[in-house]
Amino acid sequence: MGDSRRWIALAIHLGLAFLHWYTLFYDFVYIRLPGRPMTDKLLKLTTWNFIVATVYWYLKAAHDLSPNRDLEEKLSRMLLCVVLPVSTFVVVAFWSLFLFNPSTLRNEEMLRKISSGEIVIPDWLTHTTHSLIIVFPLVDAIALQPPVAADETAKSTMTGFLAFFGTYLMLALAFGTAFGMWPYPFLRAFPVPHIIFMGAIVWLSGSLIAASYFKLFRRLNSAGKPALD
């Protein structure tokens with residue numbers, strides 16, 4: 001990557017890193033959910049995904065400042081195993097459920113307080129965490145075409161996603177069954193075996209999404225020049 005291109009990338013990545021940090025700060029400091037402890041936000045896949053994405057953009061900026069092959073390979077794995085596949089699922093699942101019935105994601109009390117203005121969730125916050133979360137990394141990756149790690153395969157990409165989402169699923173099930181703290185209200189309507197079954201479907205389908213992204217970027221890498229050249 002040329003020097004001018006590298007400095008442009010650095011400016012973009014620093015801007016995205018700050019946006020993600022500020023979004024997390026605003027969400028945890030200013031958005032209070034009725035009847036739910038602050039730590040409850042940590043049970044949401046959206047939060048897990050957004051924290052990983054925040055770290056990803058800071059690491060991208062660090063790599064722009066001081067290019068490092070080892071860090072570059074770690075960023076490639078983060079992008080393909082977690083950032084892209086999990087963000088894809090978050091965007092599709094959130095907007096599908098929200099458009100179908102907002103109460104599947106937010107309890108009735110919270111919806112009433114949002115309607116009355118007692119709780120204000122800015123549109124920019126909703127779209128940064130549930131829409132732009134996939135747009136930013138996808139556009140950045142297609143434009144800059146970071147090389148896929150030499151030893152990365154579709155199988156290892158799927159394994160990385162399975163490890164991440166499997167960990168999340170086990171913790172969500174543990175808190176839900178032990179304390180009744182489910183990440184999303186609609187889960188309370190299902191018995192635990194059904195939740196496990198739904199989680200397994202997401203687990204497996206997400207791994208296929210991760211493998212698809214791997215094949216896409218492997219093909220882009222083999223095509224030659226980055227898209228912005």
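The expected span of a helix is 1.5 Å times one less than its number of residues. Helices (H or I, at least four residues) and strands (E, at least two) are taken as DSSP runs and numbered from the N terminus. With that settled, consider helix α1: its 28 residues reach 40 Å from the first C-alpha to the last, close to the 40 Å expected at 1.5 Å a residue.

Colleagues, the structure before you is a predicted model, in which local features need pLDDT of at least 70, side-chain atom pairs count only at pLDDT 80 or more, and totals for chains, interfaces and linings use all residues. Residues are numbered from 1 along each chain as its sequence is written, and side-chain values use heavy atoms, with hydrogens and water left out.

The protein has eight helices and zero strands. Of its 229 residues, 47% are buried, where buried means under 20% relative accessible area, exposed over 50%, and partly exposed in between (1.4 Å probe, protein chains only). Among contacts (heavy atoms within 4.5 Å) with a separation of 6 or more, 79% join residues 24 or more positions apart. The accessible surface, from the Shrake-Rupley method with a 1.4 Å probe, comes to about 11,800 Å², and carbon and sulfur atoms hold 70% of that area.

I return to α1. Its buried residues include R5, R6, H13, H20 and D27, and the buried residues of this helix pack against α2, α5 and α6.

Next, the aromatic rings. Rings of Phe, Tyr and Trp (its six-membered ring) pair if their centres lie within 6.5 Å; planes under 30 degrees apart count as stacked, over 60 as edge-to-face and the rest as tilted. By this criterion the whole structure holds 21 aromatic pairs. One of them joins F18 and W21, tilted, at 5.8 Å centre to centre with 35° between the planes. F18 also pairs with Y22, this time stacked, at 6.3 Å and 20°. Both F18 and W21 lie in α1, three residues apart, while F18 and Y22, also both in α1, are four residues apart. An α-helix has 3.6 residues a turn, so residues three or four places apart point the same way. W21 counts as partly exposed because its relative accessibility is 41%; Y22 is likewise partly exposed, at 32%. F18, W21 and Y22 belong to one aromatic cluster together with F25, Y26, Y30 and W124.

Two charges also sit over rings, meaning that NZ of Lys or CZ of Arg is within 6 Å of the ring centre and within 35 degrees of the ring normal. The charged end of R6 is over W7, 5.3 Å from the ring centre, and K41 lies over the face of F28 at 5.6 Å.

What of the interior? A nonpolar core is a set of buried Ala, Val, Leu, Ile, Met, Phe, Trp, Tyr and Cys residues joined through side-chain atoms within 4.5 Å. The largest has 43 residues, and L45, V86 and F165 make the most contacts inside it. Helix α3 gives the largest share, 12 residues. Beyond its neighbours within four places in sequence, L45 touches V86, F89, V90, F164, F165, Y168 and Y184. A second, separate core of six residues includes I31, M110, I119 and I121.
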